[in-house]
Amino acid sequence: MTAPALTAGPTRRTSTVFVATAFVAAGAAMLMGSMLAMWLDFRAKAPTRVASDGVSLIKDWLKSDVAIPEVAATTLMITFVIACVMAQWAVYSARRGDKSHTKLALGITMFTGLAIVNAQIALWMQIDLVLRNDAYETMFYAITGTMMAIIVSAVVYSFVAMFRVLAGRGADHDVLRAHALYWYAVTGMFAALWFVVYVQK
Amino acid sequence: MSISVSGAPSGATPSSLATSPLQRLAGWLTTIHHATLGGSLLVASAVWLVVVTAIGVVLGFERFDAGGTVVDADAFVQLFSLHRFALVFGVAGPAMLGLVVWSLPAQLQAANLSLPRLAAFGWWSWLVGSAIVLVSYLGNGGPGGGDAQYVETYLLGLGIVLVALAVIAVSVAATVLTRRNGRALGEVPVGAFAALVTALGLVLTLPVALGTIIYVWLDYVNARVAFGGADLIDAWLGWVVREPHTLLVVVPALGVLADAVVRTAKGRQPLRGVVLVGVGISLSVVASSVTQQAHVFALGDTPTGTLQSFVPYALFNLVPLLAPLIVVLLSLLALRAGTPGISGAFVAAFLGVGMIFTGLVGSAAMHLDALGLVGTVFGEATLVYVVYGAVLTAIGGITLHAGSVTGRALPDGKVVLIALLGFVATVLASLPHYVAGFLDQPANAATGFDDSGLVGVTNLIVALGHGLMLLTVLGFIGLVIASRRGEVLSDRYRLVQPA
């Protein structure tokens, strides 16, 4: 007696959207990484000045009359974590075939992204930095503005993913996985920016 | 059994199937077919090559007599800058990516690219961006430009070009990784593997240049205290149009050579894994590029100081040399292992990669402080070597894949003649400036240097070389057009697989 031959299992397909999203995220990470590297280089080469204690010498990089809104910046950082959790919840719900929770998770991800955009604008208004005087101001607005553009792209991604689910393509998990990957990547980029620009200053 | 490497055309119909001129135009404008997109990039790079050779001829004659000037003296900085932009982002980038887009689905036996709309977006964006850059130069913009608005326009155009090439690279990478028809990555043709390497390299390095553009632009329109205005644009962004970064752009050339030799010799590639490693070594350039600076080796006061200078020099200038060297040596081994022969694709690709290697060796030599070549025309020669080498390899690549992509092979003997003409053109357009570099002819200057003796003559020969390269490309274009109208030739590069 011969054992029946096993039929071949389904071929594992590599998701085009997932791969493309990974490459775009890598490109965006290189963009932010290079800008942060130049920021650190300029800061390291900045002249020194006497600190407010009147004794120690510090880099004359961030002007003494400029206060970084640290509460707003840290709130921004925490909000990113919420967006990541929601994006992953969308993947989890879609795998379970739970369309209503998938839509809810994507909706919250998108609105969390909009809240991040709102918080960034509020931070710009609070910091009250005029883009005219020195390298710090130029580089601050360049790097946070670029980060803002990346955040907006993530919000648009959430909108597109939600629109696809609403249109009945919720079974296409690849887009949701790619969407979650992008939010993780954007959060990683902002974490680096938050530490260098808002914490280390 | 013999099979064609070409996949069946996809639902994305090539525009050539449309009938009336208007339909064909509409088809071209909206196409997402890889052959049309890749062909468009190749044709556009040929148009930019005409610009490059014209500038090369003008600069050659200008520098023949350093006393008199035909071009306005204020325009020289921009003319040299335009020459570099056109060589890298007008010719090498679109030619290499165009070749990849055009031939990759056929290499992978896929119907079309992955994300073809993204690739189409990249092509149109590149076209618009490169046109904006050209217009900005004409309006006294660009690096060193005097018109503030056109300088901003230049930065905008350059940014669009970089994003466009990165977008095409994403489509290429996704195609190689997701359309392999069940094959492992190590089993795909070397050309497809090289396409993945160049795509990865461009996705990782072009955003670095984009970040610098954002900084430079915001500084330029505001304080101009951090990045120095228009005069220093090249100082901040020059690395992207210099060696070794240009190697990342021309990596597909290595794949063309490796595939051409196997199909010419009708054998197998010995040490195929080593060839793939050789191509992959090109990615070491990423580490060099992200530092955004040249790494010159200078003898230090102490052995430790010397070592501190040598390690980054070797890592960023010598290691990349291994990529073309390994591929060239193993391609010769493959030719010996199979049925030795000569083909148009092999000759063009072999000479092209040889020129690229020569350019990279020159770049490594230029970064030796003791030779004193930094700031001379030596750097211009290395770039011309690499880019014209890429052009020769593109000719080889088109010859290699023409049969499988279009169904019409090119006449091999004529391609050999064109490749030899291109080889002579490349050597004439570059080698004399290697000599002039040792004679201290300054870079980016057409006046104010000693043009007596050999220096003046070298510039005249360089102008001749650029003119010959124009003839080479025009000859090849004529050959392609003639082959489309003439009788169908048998494709000697047709992939034959055992049953």
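Predicted model: local features only at pLDDT ≥ 70, side-chain atom pairs only at ≥ 80, totals over all residues.

**A helix pair in chain A**

Analyst: Happy to! H2(A) and H5(A) cross in a left-handed sense. To find the pair, look for helix H2 at residues 70–95 of chain A and helix H5 at residues 173–199 of chain A. Two packed helices are described by the angle between their axes and the distance between the axes. Here the axes come within 9 Å and cross at roughly 165°. Because angles over 145 degrees count as roughly antiparallel, H2(A) is roughly antiparallel to H5(A). Sorted by class, the residues in the contact of H2(A) with H5(A) are 18 nonpolar, four polar and three charged.

Now let's step back to the chain that holds this pair. Chain A contains five helices and two strands, and their order along the sequence is α-β-β-α-α-α-α. For overall dimensions, the C-alpha trace of chain A spans about 90 × 35 × 25 Å along its principal axes. The radius of gyration of chain A is 22 Å, whereas a compact globule of 201 residues would have one near 17 Å. Of the 201 residues in chain A, 35% are buried. Among contacts in chain A with a separation of 6 or more, 77% are between residues 24 or more positions apart.

Chain A also has a partner to look at. Its contact with chain B takes 26 residues from chain A and 24 residues from chain B. On the chain B side, helix H5 (148–178) and helix H6 (190–221) each supply at least two residues. H6(B) gives the most to that side, with ten residues. By class, the chain B residues that touch chain A are 18 nonpolar, five polar and one charged.

Asp440(B) lies in the loop between helix H16 (412–438) and helix H17 (454–485) of chain B. Asp440(B) counts as partly exposed because it has 15 C-beta neighbours inside 10 Å; a residue needs 20 or more to be buried, and 12 or fewer to be exposed. Phe378(B) is 62 residues away from Asp440(B) along the chain, and their C-alpha atoms are separated by 8.9 Å.

Methods: Residues numbered from 1 in each chain as written. Chains lettered and ligands numbered in written order. Axes fitted to C-alpha atoms, helices over the stretch in contact; angles between N-to-C directions. Helix = DSSP H or I, 4+ residues; strand = E, 2+ residues; numbered from the N terminus. Parallel < 35°, antiparallel > 145°, perpendicular 65-115°, else oblique. Left-handed = near helix turned anticlockwise from the far one by under 90°. Nonpolar A, V, L, I, M, F, W, Y, C, P; charged D, E, K, R; others polar. Rg over C-alpha atoms; globule rule 2.2 N^0.38 Å. Contact = placed C-beta atoms within 7 Å.
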